[in-house]
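Dear colleague,

Please find below the structure for your records. A short account of the findings follows.

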Amino acid sequence: MGRGKIEIKRIENSTNRQVTYSKRRGGIMKKAKELTVLCDAEVSLIMFSNTGKFSEYCSPSTTTKKIFDRYQEVSSTNLWNSHYEKMQAHLNKLKEDNNNLRREIRQRIGEDLEDLEIEELRGLEQNLDDSIKFVRERKYHVIATQTETYKKKLRNLHEAHARLVRALEGQAENGGYGLVDDGGPDYESALALANGGAHHHSLHDAGYGIHDLRLA
């Protein structure tokens, strides 16, 4: 008993629809390969499922592009015109955006102002004022941060100097500095402290000059 005919209409059940697509896709692919071998035909087959899954077959003796080219030739149809027009429109839009940006940059440095109306000039002036405000705020923030860093370094140097002075005074109370003149850096530093010049020496060792002290 033969199988009954199936009514050709959309399958509502998504699972059954996907199963049917997979089976019939395999059948179409098989027929395309058979046509290629049996009839020496050039076949190009492209399919997309309703989920967007892509399937393709092309005869080994040709390519999909060659098939498209032959189709355009025999049907007098240009498949690429719409795509080219979209690309050209996009390119023109990019060129326009680039020209606008370049013109805005020139105007921000005081050039290319001849064609601007009074309202446009006022708007440009406001934009420049806002930009100056942002730059100035950033500058003050950087200055404040650097100043606080310098102050912190100076406090650390003062504390180190005070500790060294206390240590030297303690050694003096115990009968002398207890230093030996071996020409090393410890002896020179201690000698400078004893002569009242340690603070100046420490500041220069830390990389601070007159400008840094004024910031503090």
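What pLDDT does the protein chain average, and what share of the residues score at least 70? The average is 82, and 79% of the residues score at least 70; pLDDT is the predictor's confidence in each residue, from 0 to 100. Over residues 196-216 the pLDDT is below 50, although the model gives this stretch 23 contacts beyond near neighbours in sequence; a contact means heavy atoms within 4.5 Å.

This is a predicted model, in which local features need pLDDT of at least 70 and side-chain atom pairs count only at pLDDT 80 or more, while totals for chains, interfaces and linings use all residues. Residues are numbered from 1 along each chain as its sequence is written, and side-chain values use heavy atoms, with hydrogens and water left out.

The protein chain contains seven helices and two strands, arranged along the sequence as α-β-β-α-α-α-α-α-α. Helices (H or I, at least four residues) and strands (E, at least two) are DSSP runs, numbered from the N terminus.

Of the 216 residues in the protein chain, 13% are buried, that is, under 20% relative accessible area with a 1.4 Å probe, protein chains only. Among contacts with a separation of 6 or more, 35% join residues 24 or more positions apart.

Ser 59 lies in the loop between β2 (54-58) and α2 (64-75). Ser 59 is buried because its relative accessible area is 1%. Leaving aside residues up to four places away in sequence, Ser 59 touches Thr 36, Ala 41, Glu 42 and Val 43.

With kind regards

Notes:
Buried means under 20% relative accessible area, exposed over 50%, partly exposed in between (1.4 Å probe, protein chains only).
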